[in-house]
Each structure stands twice: as C-alpha cells, then as structure tokens.
Amino acid sequence: IIYMVDISANYLIHWKAEGVTETHLDRGWADSYYFGPYPRTGLTNTYDIYVIAIRNPIDRLRGSLRVPNENFPLFLAHLDIDAEGNTGNIIAYGHISAQYSVS
C-alpha cells in the first residue's frame, strides 16, 4: 500500500496504491490514483509518503483523493485488519516526509 498525503491541507490524499509487489519503483511511476503536489503560490506544504507491507488483502483502501481526510490516521490503523477481520496484517512500513513550495 502506498499513500502520499499533504498534511498541511488536512491530510489531503495525493496518491494511493494497493497491490504493489515491486521492491523498486522507477522515477515517475504511479498508477491512475495519483496527482502531484500543488501548494498555493507562496506556501510550503508538507507531504508524507507511507509504504506499508501487508500480509493479506484488505477490505478496501480508505480515503478519497483531492479532499481533506482528517481521519487519515485511522485509515492506517485499518490496514492492520485484513478482509477476513484478522488483526496483525501490517508486516512493516516506511515513512518519509518532504516539503514542496511554489513561489
């Protein structure tokens, strides 16, 4: 599972992907559920990217693109429950944060 979230804009989701099995993604790789960062002119926004490895499929990947998702931390917690209702689904995760500005 991959999420890219603008935490400066109330957890606005810019990217979400599931079923990714590659261990390396080429620069520019993204599926149809991606749109790039776009802070307002003169602002700097902070973007968090999460890569989460799960054991089993989940019921659904939560969160809508291009709208604030204040419950985003709960979306991450739901990844630990598989489609059958079993807990302990998250194997590992990585997180990186970066800032982007438009002048």
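This is a predicted model: local features need pLDDT of at least 70, side-chain atom pairs count only at pLDDT 80 or more; totals for chains, interfaces and linings use all residues.
1. Basis. Local features need pLDDT of at least 70 and side-chain atom pairs count only at pLDDT 80 or more, while totals for chains, interfaces and linings use all residues. Residues are numbered from 1 along each chain as its sequence is written, and side-chain values use heavy atoms, with hydrogens and water left out.

2. Four strands make an open sheet in the order 2-1-3-4, with antiparallel pairing. Strands are DSSP runs of E of at least two residues, numbered from the N terminus; two of them pair if DSSP finds at least two bridges between them. Strand 2 (12-17) and strand 4 (90-101) are the edge strands, each pairing on one side only. On average, neighbouring strands are turned by 15° against each other, direction ignored; the axes are lines fitted to C-alpha atoms, and angles run from 0 to 180 degrees between N-to-C directions.

3. Strands 1 and 2. Strand 1 (residues 2-6) runs antiparallel to strand 2 and is joined to it by five bridges. Tyr-3 has Lys-16 of strand 2 as its bridge partner.

4. His-14. This residue lies in strand 2. His-14 counts as buried because its relative accessibility is 1%, the limit for buried being under 20% relative accessible area (1.4 Å probe, protein chains only).

5. Largest pocket. Its space is about 480 Å³. A pocket is an open set of points on a 1 Å grid over the protein atoms alone, where a 1.4 Å probe fits, with protein on both sides within 12 Å along at least five of seven lines; lining residues have an atom within 4 Å of a point. The volume is the space filled by probe spheres set on the points. Of the 21 lining residues, Ile-1, Ile-2, Val-20, Leu-25 and Val-51 lie nearest the centre. Strand 1, strand 3 (44-54) and strand 4 each give at least two lining residues, and strand 3 has the largest share, with five. The lining divides into 16 nonpolar, three polar and two charged residues.

6. Second largest pocket. Its volume is about 170 Å³. His-14 is one of the lining residues, as are Asp-6, Tyr-38 and Tyr-47. Strand 2 and strand 3 are the elements that give two or more residues to this lining.

Note on methods: Buried means under 20% relative accessible area, exposed over 50%, partly exposed in between (1.4 Å probe, protein chains only). Ala, Val, Leu, Ile, Met, Phe, Trp, Tyr, Cys and Pro count as nonpolar, Asp, Glu, Lys and Arg as charged, and the others, Gly among them, as polar.
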